[in-house]
Amino acid sequence: MTGLYLATALFVVFSALPFYVMLITSLKTQADIFSPDIDPFWFSQPPTLDSIRLLFEQTQFVQWLLNTAYVGLAVVVITLALAVPAAYGLARIAGGWGETLGIGIFLSYLVPPTLLFIPFSKVIAFLGLQNSLGALIVAYPTFTVPFCTWLLMGFFKGIPRDLEEQAMIDGHGRFSAFMHVVLPLAMPGLLTVVVFAFTLSTSEFIYALAFVTHSADKTVSIAVPTELIRGDVYHWGPLLAGALIASIPIAVLYTFFIDHLVAGLTSVAHD
Amino acid sequence: MAAARTLSLRQRDTRLAMGMVLPAILYIVLLLGIPIVLAVVYSLNDVTTGSPAMRFIGLRNFQGLLATPDFARAIGNTFLITTCTLVGVLILGTIQAELLMRPVRGKWLIRFLILLPWTAPASLSAIAWLWMFDSTFSPLDWILRGLGLLGHPGALFGDFDNAFWLGRSGLALFSIILVNVWRLLPLGTVIILAGLNGVPRDILEQAEIDGAGYFRRLFHIILPMLIPVFGVTVLFTFVFVFSDISTVFILTRGGPANATQVLPTLAFFTGVQGGSLGRGAATALFLLPVLAAVSILILALIRRREI
């Protein structure tokens, strides 16, 4: 029993230590951070909010957070608009080819952005979106739509067909049955899709790095590593504070829904 | 009469389904398809950011790449990092999933903390590691010095006060693998955990009654039943690590002296910063056949087993 707790504790320390160090360091005074012999895991001087104040008052951190939220929400809307009808069509009314097409759509989720960012930046330039948040809003659905369509197909398949048929016998049209019977039952699926489209787009790195160079237009995931590190100058306090503050809300959201994500990923093994 | 009606309903349904699926398909085909085609076109041409004109040069971008030692090194590093990460994630993930199967107090907090490396954005958590590996203030070095493994003659990690995690080529590669294992371990764990939860209890209980010990049950019943789940773990760990750019980009930028360069970072430095779009596209394109082959192979394996 003790062994079990000890082993679990080791894994927890391994996973959480970098975040703990971020937390402590972002609350340390400059002098406390920059002395190699002082305990890096605890305060030797009283904690201070100086780094956090610097981050919020003297960098564009708030702007980057707003940019990130804006891109995330826009991607959520586009993803829902495309993935909900597609998933329903594939899961419910299409015949055998629905399954094949579903797998095909899922496979396109496996095409990594690192493969495509160079030619994609030309497409972005062609659309006149370079150096704007619009570039990211157009690009991110290329991975959120395939993934979320696949995820939603699973949810729609889990809703008994009889319920819909009963509603249609009761005089609802197909669309009305979909709105009044299917969508309310698929709520957990829709919520999962909202969360994943949002967290996937807030965490994205390479498209943002390749498409956006103006510092005022950056999202958090690239602004913190590129704007707060300038050449060889590391402002460790604000840098770590920024990384931590931006990470935690995304991580909390993600944790609530990770079981649905795993169900979606593992369902490729048995459908 | 009834059959004809059903048929026409079927047909109407199919048309409706196509209408619903079409917008998503169009979006994906246009915005993924065009860049893929462009990637191939670029890789066969001499294109730079400076001049918009393209000049067809056939396979010379690829030939040029294969002749440079940096490229060969990037390919080697990409495979080395991916393979080591896979092995680490599979072994540690199985252990961690086994541990999480048991009832422990404070399960929600433990879950949150264990999932953090995966749920936090990769480019932000890499910054925490940048500090952990700092050449002067590294908290890891502080621990090693405290343990007497660093900072005196004959110490395991050298007689300097610092280990220079990202400054020495072998150690830098190790650091990148460590961060990748750390980041993907939660994903592997939850996938394997889902598989463990799916192993029927009665089979295990029966085996226990029949006298099978813990390890016998683990190796003869549980692990064989988990093969599709391991397949899924390998698939996603492979795709995410093989194509990852943020870890190497933030930790080392491919240094010291290109020792940790991987294909995605090399593509970025060549194509975006260096301006040779053709060469950059060709570099990234090398990812495609491997990704396609591995994905199709694993999907075929795990989907066949289930039938």
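The legends below describe close-up views of a predicted model. Residues are numbered from 1 along each chain as its sequence is written, and chains are lettered from A in the order in which they are written. Because the model is predicted, local features need pLDDT of at least 70 and side-chain atom pairs count only at pLDDT 80 or more, whereas totals for chains, interfaces and linings use all residues.

**View 1. The contact between chain B and chain A.** Chain B gives 77 residues and chain A gives 73 residues to this contact, two residues being in contact if their C-beta atoms, placed from the backbone, lie within 7 Å. On the side of chain B that touches chain A, the largest share, 18 residues, comes from helix H1 (residues 2–43) of chain B, where a helix is a DSSP run of H or I with at least four residues, numbered from the N terminus.

**View 2. The two domains of chain A.** Chain A is divided into domain 1 (2–48) and domain 2 (60–269), with bounds that come from an automatic or database domain assignment. The C-alpha centres of these two domains of chain A lie 33 Å apart, and eight residues of domain 1 are in contact with six residues of domain 2. The largest share of the domain 1 side, five residues, comes from H1(A).

**View 3. The extent of chain B.** The C-alpha trace of chain B spans about 90 × 75 × 30 Å along its principal axes. Of the 307 residues of chain B, 44% count as buried, that is, with 20 or more other C-beta atoms, placed from the backbone, within 10 Å of their own.

Terms used: Helix = DSSP H or I, 4+ residues; strand = E, 2+ residues; numbered from the N terminus. Buried ≥ 20, exposed ≤ 12 C-beta atoms within 10 Å, placed from the backbone.
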